Amino acid sequence: MTTAEKYVTGAYLVLLGALLAYLIIIALKVGRLEQELADLTRAAREKQGG
Amino acid sequence: MSGYAADVAALARKDLLLELRSRDTLPAMLLFVVSALTVFHFALPSGSSARAETGLLWIAIIFTALLGLARAFAAEREEGALDGLVLAPCDRSAIWLGKTIGVTAFLVLAEAVALPAFALFFHPLSWELVAAVALADLGIAAIGTLLAAMAAASRARELILPLMFLPLVIPVVIGGVGASVSANPGSFLGFLGLYDAVFAILCWASFEYVVTE
Amino acid sequence: MSTSLRNNAVLAGVLLLPLGVLLGAFWIPEAKGDPAFRIFYLHVPIALTAYGCFGVGAWKALRLLWKGERRYDLESYTAIHMGVIFGLLTLVTGSIWAKYAWGTWWSWGERQLVLFLILFLFYSSYFMLRYSTDPGPRRERNSAVYALFGVTLIPVSFLAIRIAGTILHPTVFTHEGPQMTWEIFTIFLISFAGMLALAATLYRVELAGKRIDASLRELRELLA
């Protein structure tokens with residue numbers, strides 16, 4: 001690979017890496033939101049039943 | 001229109017009278033700017049150019065302004081007077097204008113000491129530099145007053161004000177230093193005037209959104 | 001256009017991005033004089049998308065101040081969030097291009113890079129402002145006014161950097177791009193469209209996440 005191609009590949013990989021990082025962040029966020037929702041649902045049920 | 005002008009005058013006069021009696025902000029600004037210039041002398045290795053020294057003067061002005069702006073709404077905050085001002089039957093933008101005039105006055109007074117001190121410590125001033133400083137004062141006071149009001153709502157107001165202020169003031173530094181050292185100061189002075197006009201209008205129009213609950 | 005049709009169109013648009021990437025990589029033979037020119041297909045669309053995000057953020061901010069509807073706050077915040085991400089990517093891709101073209105990772109003579117640095121600092125302070133202010137109408141309005149300041153700063157800074165020119169730093173380096181042939185322009189357009197679609201999709205996902213966050217917080221307070 002010529003140096004030019006190395007740099008071009010680097011730039012494209014940076015973009016890909018950023019996208020993947022973002023995907024991971026969103027996935028973690030969805031997990032946290034699901035947990036929070038489950039907690040609140042449980043709290044609501046207790047409030048209803050109690 | 002005379003009602004508006006009267007409100008602005010009253011507000012500006014209030015700030016200046018307050019400072020005249022308590023004397024807590026202006027002496028600190030004066031001392032700070034002279035101390036800063038002294039530090040700059042030691043920070044510049046010998047043989048540094050006059051251009052570098054001029055650049056540092058602008059840094060001193062920016063940070064002295066920040067010092068003054070940090071105190072801009074302090075009196076209102078301590079006495080809880082900002083709500084009272086906001087409820088007063090005057091246009092909220094008059095509060096901004098009055099406060100900006102006050103801050104400009106403080107800056108000019110501080111520079112009345114800083115500029116001669118600079119000429120004494122480093123090298124004589126050109127009239128372009130003085131003109132640039134005057135124009136820069138207006139822009140700095142205008143955005144600084146608005147940002148100080150914004151920062152008042154934040155929990156970390158002493159930190160957030162410089163953070164918001166510095167990126168916005170970069171064009172002023174570019175214009176000011178450019179006017180001070182370039183062979184064509186006219187375009188830089190014109191730019192500073194444009195900056196002042198654009199941001200003053202924006203601040204004037206948006207101040208009421210920043211202070212109402 | 002109904003919402004779901006528009007959503008599907010945007011998602012399909014995201015496919016344009018890899019298409020543009022592949023075309024840029026393989027169809028056009030490397031440009032004479034600047035073999036790393038292909039970064040152009042990434043760097044410029046990313047930069048333009050960042051400007052677009054800041055513009056959308058300012059527009060939503062204006063709507064908030066004008067109409068007073070609460071939802072504009074989250075929309076403005078999300079748009080600026082996207083703008084900062086794309087702005088950071090602009091700086092990184094621009095830096096890579098600079099390193100290849102001139103041998104340094106940073107050049108004060110490159111106007112777009114300097115402008116993006118200023119904007120990146122400005123909009124990062126936007127986040128500091130939001131994090132350090134308690135939620136409520138005060139924070140919404142302060143953020144909106146600050147977003148309007150940002151969009152005003154863009155042309156003002158550009159002008160400042162332009163007139164500063166050689167006074168402040170020598171502009172030794174320029175990008176000698178090839179002539180803009182229709183092929184290059186087409187690939188650029190495809191890449192740009194794909195990048196915008198990507199930003200729009202990320203915006204939607206991020207906005208949904210922020211809205212759910214806010215709703216859950218409200219729910220928690222109601223249940224506590």
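**View 1. Contact of α6(B) with α7(B) in a predicted model.** B:Trp96, B:Lys99, B:Thr100, B:Val103, B:Thr104, B:Leu107, B:Val108, B:Glu111 and B:Leu115 of α6(B) meet B:Val130, B:Val133, B:Asp137, B:Leu138, B:Ile140, B:Ala141, B:Ala142, B:Gly144, B:Thr145 and B:Leu146 of α7(B) (contact: C-beta atoms, placed from the backbone, within 7 Å; helices: DSSP runs of H or I, at least four residues, numbered from the N terminus). By class, this contact has twelve nonpolar, four polar and three charged residues (nonpolar: Ala, Val, Leu, Ile, Met, Phe, Trp, Tyr, Cys and Pro; charged: Asp, Glu, Lys and Arg; polar: the others, Gly among them). The model is predicted: local features need pLDDT of at least 70 and side-chain atom pairs count only at pLDDT 80 or more, whereas totals for chains, interfaces and linings use all residues. Residues are numbered from 1 along each chain as its sequence is written, and chains are lettered from A and ligands numbered from 1 in the order in which they are written.

**View 2. Packing of two helices of chain B.** Helix α6 (residues 92-121) of chain B and helix α7 (residues 127-151) of chain B pack at an angle of about 140°, their axes 8 Å apart (axes: lines fitted to C-alpha atoms, for helices over the stretch in contact; angles: 0 to 180 degrees between N-to-C directions). α6(B) is therefore oblique to α7(B) (under 35 degrees counts as roughly parallel, over 145 as roughly antiparallel, 65 to 115 as roughly perpendicular, the rest as oblique).

**View 3. Contact of chain B with chain C.** Chain B and chain C contribute 27 residues each. On the side of chain B that touches chain C, α8 (157-181) and α9 (185-211) of chain B are the elements giving two or more residues. α8(B) gives the most, with eleven residues.

Conventions. Two residues are in contact if their C-beta atoms, placed from the backbone, lie within 7 Å.
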